[in-house]
Amino acid sequence: MDEAGRADPAAGVGRLASLIRLDAARMVSRHGLGYLGQAASAAELVAAVFRRLRPDVDSFVCSPGHYVIAVYAAAARTSRLDPALLATYGDDGALLEAIGTERTPGVDMTCGSLGQGLSAAAGLALADRLAGATGHPRAAGRVYALLSDGELEEGQVWEAAMFAAHHRLDRLTVLLDCNNSQVDGPVDSITTIEPVAAKWAAFGWATVEVDGNDPAAVLGALDAAADADRPAVVVARTSVRRGLAALPADADGHFITLRPDLADRLVADLATATAAPAAGTAGTAGTEGGHR
Amino acid sequence: VKPPPYPTELKPYGRALLELARDRADVLCLSADLTRQCEVDLFRDALPERFVNGGMAEQNLIGVAGGLARRGWLPFVHTFGVFCTRRPYDQVAMAVAYPDLPVRLVGFMPGLSSPGGPSHQATDDVALMRALPNMTVIDVADAVEVRQVVSALAELPGPAYLRLKRGETPVVFDERTHRFDLHSARVLRSGKDLALVTAGMMLPASIAAARLLEQHGVELTLVYAPVVKPLDTRTVLDACAGARAVLVAENHSVIGGLGSAVAETLAEAGLGRPLRRIGVQDTFAEGARTAAYLFDRYGLSTRAVVAAAWALAGCTGPAPQPPAETVPAGSYAPV
């Protein structure tokens with residue numbers, strides 16, 4: 001973590017989140033369309049996890065595989081991935097596929113077939129608990145699982161939720177990106193998933209509901225989750241339009257189409273947004289704008 | 001090999017897994033509410049700290065197993081065959097097969113061995129698992145091999161599906177001489193007329209049929225191929241090359257299982273032989289109370305194997321009929 005991030009963790013998360021949006025806009029603009037909305041909504045969640053992740057101790061599962069665009073950016077900005085690779089996102093033969101694979105860097109597991117990630121995360125948490133008997137460092141590890149609200153329509157998520165609560169997997173934290181967006185439109189227009197927090201509570205989870213685009217709120221929620229005596233879910237209310245003010249009102253948040261002029265404007269806006277707070281923190285991630 | 005009837009054993013798998021787990025601290029036993037039925041009540045009672053019951057939630061359990069395997073554990077997942085293949089297929093594909101993890105899926109009640117109706121009959125499990133890259137598919141039904149396959153699976157780096165008969169398991173092979181391995185099919189007898197390739201629960205009927213046919217002048221080479229994938233194509237091709245026609249007998253749909261694997265092998269090698277597939281003929285099997293009834297009704301009996309071989313060998317006249325045998329209590333004989 002950079003010095004500014006240590007002094008003010010929320011500011012560090014906010015800055016990394018802005019860089020995630022900027023990098024995602026650049027990656028998507030090369031193709032003219034893609035998963036920019038997911039990077040926009042989950043930027044603070046991914047940034048917060050990357051600020052907390054201890055290598056070889058903690059685990060990170062990105063259940064919705066198309067969110068890996070945000071992971072790629074976060075990994076590149078935290079020295080876990082060669083930033084030059086971001087310019088190959090989604091290309092033929094590229095390591096960085098638009099929907100995550102087994103080769104995807106920066107995660108312990110991701111899955112493009114939605115709803116499967118929480119089961120894997122529960123398996124990792126159970127493995128860490130079993131490792132306790134052998135004194136393995138992962139016994140002190142935390143498993144972070146990023147889920148999306150649309151995934152709650154998959155029954156397997158609720159199987160996994162029951163399993164984790166029954167087995168009291170208290171080192172498991174779900175970051176639930178409630179951006180109210182899925183392929184066919186707003187989630188609430190397709191399936192009523194509310195009350196989300198009450199559902200998880202009824203399944204035996206500790207719940208914290210926050211503005212998921214507020215860095216301080218997200219960090220506070222992760223602290224509360226870590227203190228819980230059971231698995232915990234951070235119900236993060238977010239927007240696919242966060243930081244993308246230039247986006248037209250009728251844009252499809254799930255799979256954003258960017259004409260060149262709009263792409264240029266979004267990138268310019270995000271570059272401005274990231275440049276300002278990064279001033280005076282030479283050598284930090286905030287100044288690494290020239291990866292392309 | 002000796003002819004039926006065979007003595008039987010109860011819970012050879014459950015005992016073998018427990019024995020393996022006592023030797024290897026990385027073995028975990030996962031169950032999905034069918035613990036006693038899958039013989040792992042033995043494991044649960046002896047090593048509860050390494051037993052996980054995920055309840056009736058197979059999709060989740062497969063994902064959990066994948067997570068455990070990613071961290072170096074060796075999970076054996078137990079339920080009925082239909083519930084660890086057909087129901088959680090996407091999970092097996094994405095959480096186990098694609099990452100090439102050492103998860104062992106152990107599915108009981110293969111093919112028509114269940115009185116549970118089509119919902120419980122794993123008639124397409126081999127086809128489903130065979131279609132997945134990285135997956136090893138094994139169909140054994142002999143207690144000696146059940147023991148040996150468990151130790152063999154401990155050493156396999158990738159995923160495997162093992163289908164096992166539930167309840168009394170026949171002892172067909174000689175413990176002192178039989179050696180299962182993951183790479184070899186076994187030629188149990190040789191004959192010039194036909195090649196019969198079989199696996200799993202069709203082994204006893206195939207042995208009985210081969211003996212009866214021999215008494216009536218039809219000689220066949222009997223190949224036992226419990227590892228359906230990767231198939232020992234060398235042994236299969238050698239056996240088929242020496243025969244005028246080929247028969248495959250399996251307790252599974254004729255689509256996608258051992259019969260398909262043999263057909264593909266022959267075709268790709270350019271070895272043209274007439275081929276007949278004994279198995280479930282692309283249908284769901286209703287009317288279940290006993291496995292014996294189902295095996296007879298759906299063409300998996302010794303009589304069916306004999307009749308198919310008789311016709312394939314070009315013999316005229318009625319096919320020989322297997323004698324009605326009385327099976328001593330506790331013994332196993334094919335229908």
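1. Rings of Phe, Tyr and Trp (for Trp, the six-membered ring) pair if their centres lie within 6.5 Å; planes under 30 degrees apart count as stacked, over 60 as edge-to-face and the rest as tilted. With that rule, ring pairs link A:Trp158, A:Trp200, A:Phe203 and A:Trp205 into a cluster. Over all chains, the search finds 9 aromatic pairs.

2. Some ground rules before going on. This is a predicted model, where local features need pLDDT of at least 70 and side-chain atom pairs count only at pLDDT 80 or more, while totals for chains, interfaces and linings use all residues. Residues are numbered from 1 along each chain as its sequence is written, chains are lettered from A and ligands numbered from 1 in the order in which they are written, and side-chain values use heavy atoms, with hydrogens and water left out.

3. Take a look at A:Phe50 and A:Phe60. Their ring centres are 5.9 Å apart and their planes sit at 80 degrees, so this pair is edge-to-face. A:Phe50 belongs to helix α3 (residues 36–52) of chain A and A:Phe60 to strand β2 (residues 59–64) of chain A, so the pair ties together parts 10 residues apart in sequence. Helices (H or I, at least four residues) and strands (E, at least two) are DSSP runs, numbered from the N terminus. Buried means under 20% relative accessible area, exposed over 50%, and partly exposed in between (1.4 Å probe, protein chains only).

4. Now for a pair from the cluster. The rings of A:Trp158 and A:Phe203 have centres 4.8 Å apart and planes at 50 degrees, so they count as tilted. This pair links distant parts of the chain, 45 residues apart: A:Trp158 is in helix α6 (residues 155–166) of chain A, and A:Phe203 is in the loop between α8 (196–202) and β6 (206–211) of chain A. A:Trp158 is buried, at 14%, whereas A:Phe203 is partly exposed, at 28%.

5. Next, where the chains meet. Chain B and chain A bury about 1900 Å² between them, 59% of it on carbon and sulfur atoms. Buried area is the accessible area (1.4 Å probe) that two parts lose on being put together, summed over both. In chain B, B:Asn60, B:Arg70 and B:Arg71 lose the most area to chain A, together 32% of what that side buries. The contact (heavy atoms within 4.5 Å) takes 22 residues from chain B and 24 residues from chain A.

6. How many salt bridges are there between chain B and chain A? The count is 2, where a salt bridge is a side-chain nitrogen of Lys or Arg within 4 Å of a carboxyl oxygen of Asp or Glu. A:Glu102 and B:Arg70 meet in a salt bridge through their side chains (2.8 Å, N to O). On the side of chain B that touches chain A, the largest share, 8 residues, comes from α3(B).

7. B:Ala69 is in helix α3 (residues 58–70) of chain B and is buried, at 7%. Leaving out residues up to four places away in sequence, B:Ala69 touches B:Pro75, B:Leu101, B:Pro102 and B:Val103. B:Ser206 lies in helix α8 (residues 203–215) of chain B and is buried, with a relative accessible area of 0%.
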